[in-house]
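Please read the following briefing alongside the sequence and the structure. It takes up helix packing, then the overall fold, then the pockets.

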Amino acid sequence: MADTTSSEGSAPTVEKGWPALKQQIIQDKIKVAQWSIRLVTILFTFAYLLPIFGNPYDAYYKVLLSCMATNILRLHQRIPRISFTREFMITLFLEDSFHYLFYSFVFQYAAPVTLVIIPVFLFALLHFASYSLTLLDCLGQNSWWGARLLISLVEFQSQNILRLCAFCEIFVLPLSLILIFTGRASFLTPVLYYQFLQLRLASRRNPFTRNVFIEITNGFSNIAMKPSVPEFLRRVIGSLVDIMRRMTTMHQ
């Protein structure tokens, strides 16, 4: 009887287990490097939030540096060839990985603020969990069930995590203005961050920032329409709503 499980010329298959994991690592070197750096990002975030060992300020800036490294690798995957053309620059500015490379650069020269590294941590956690599942599948579907449970919890909350990232991205803008008056950031910080937020509102792959921004805009508009709101405050809120709507319509 002929063997129906294989045929002449077919690619050899690797059984589940450590050999399969080794083959996955060899074939996916860049993704494995990203996975490793994201683990570093997560560890340094905890080192900053729970400063038991080492200097928390060093950990904070290492979170931003590891974010830079991850997104440089991601950009290399998405845009392998660099060219000094208008089309290349447009493509670059639309990439989410470029957005967070720029984000990390903006806050490298400002004082540590916890809200700034929250979206960096959450994105690292989401992507780390996703690729961890790929690596665990190489070992077998029933392997490391405890780790799989934790990954499933993260993936179950992925929508909420992405919305939280969007809220952080938006509220860091007014926070950057406050940092100027407290001497923790330069006048250039909110200017650069405004450009980052514009990029996020134009994101092709992640609509959460744009959707949450619209929700916040509508919320402010509803507040301004309440009869109990003083006229002066209504005008201030109305002006803010107009600015936010212009920012949104630029990318629709």
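In this predicted model, the axes of α8 and α9 come within 9 Å and cross at roughly 170 degrees, where axes are lines fitted to C-alpha atoms, for helices over the stretch in contact, and angles run from 0 to 180 degrees between N-to-C directions. That angle makes α8 roughly antiparallel to α9, since angles under 35 degrees count as roughly parallel, over 145 as roughly antiparallel, 65 to 115 as roughly perpendicular and the rest as oblique. Local features need pLDDT of at least 70 and side-chain atom pairs count only at pLDDT 80 or more, while totals for chains, interfaces and linings use all residues. Residues are numbered from 1 along each chain as its sequence is written, and side-chain values use heavy atoms, with hydrogens and water left out.

**Packing of α8 with α9**
- On the α8 side, Cys 168, Glu 169, Ile 170, Val 172, Leu 173, Ser 176, Leu 177 and Ile 180 meet Thr 189, Pro 190, Tyr 193, Tyr 194, Phe 196, Leu 197 and Arg 200 of α9, contact meaning heavy atoms within 4.5 Å.
- By class, this contact of α8 with α9 holds 11 nonpolar, two polar and two charged residues, with Ala, Val, Leu, Ile, Met, Phe, Trp, Tyr, Cys and Pro counted as nonpolar, Asp, Glu, Lys and Arg as charged, and the others, Gly among them, as polar.

**Packing of α5 with α9**
- Helix α9 (residues 188-201) also packs with α5, at an angle of about 165 degrees and with the axes 10 Å apart, so α5 and α9 are roughly antiparallel to each other.
- The crossing of α5 and α9 is left-handed, a term used if the near helix is turned anticlockwise from the far one by less than a right angle, and right-handed if clockwise.
- From α5 the contact draws on Asp 96, Phe 98, His 99, Tyr 100, Phe 102, Tyr 103 and Val 106, and from α9 on Thr 189, Leu 192, Tyr 193, Gln 195, Phe 196, Leu 199 and Arg 200.
- Nine nonpolar, three polar and two charged residues make up the contact of α5 with α9.

**Packing of α6 with α7**
- The axes of α6 and α7 lie 9 Å apart at an angle of about 140 degrees, and the two helices are therefore oblique to each other.
- The crossing of α6 and α7 is left-handed.
- Leu 125, Leu 126, Ala 129, Ser 130, Ser 132, Leu 133, Leu 136 and Asp 137 of α6 meet Ala 147, Arg 148, Ile 151, Val 154 and Glu 155 of α7, and this contact comprises eight nonpolar, two polar and three charged residues.

**Overall fold**
- The protein chain has 11 helices and zero strands, where helices (H or I, at least four residues) and strands (E, at least two) are DSSP runs, numbered from the N terminus.
- Taken along the principal axes, the C-alpha atoms of the protein chain fill a box of roughly 90 × 45 × 45 Å.

**Largest pocket**
- About 770 Å³ of space lies in the largest pocket; on a 1 Å grid over the protein atoms alone, a pocket is an open set of points where a 1.4 Å probe fits, with protein on both sides within 12 Å along at least five of seven lines, and lining residues have an atom within 4 Å of a point.
- Volume here is the space filled by probe spheres set on the points, with grid points joined across faces, edges and corners.
- The largest pocket is lined by 29 residues, of which Arg 38, Arg 74, Phe 123, His 127 and Arg 205 are the closest to its centre.
- Helix α6 gives the most to the lining of the largest pocket, with nine residues, and the lining divides into 12 nonpolar, 11 polar and six charged residues.

**Second largest pocket**
- The second largest pocket has a volume of about 460 Å³, and of its 21 lining residues Trp 35, Phe 128, Ser 132, Ala 147 and Ile 151 are the closest to its centre.
- Helix α6 gives the most to this lining too, with eight residues, and the lining has 20 nonpolar, one polar and no charged residues.
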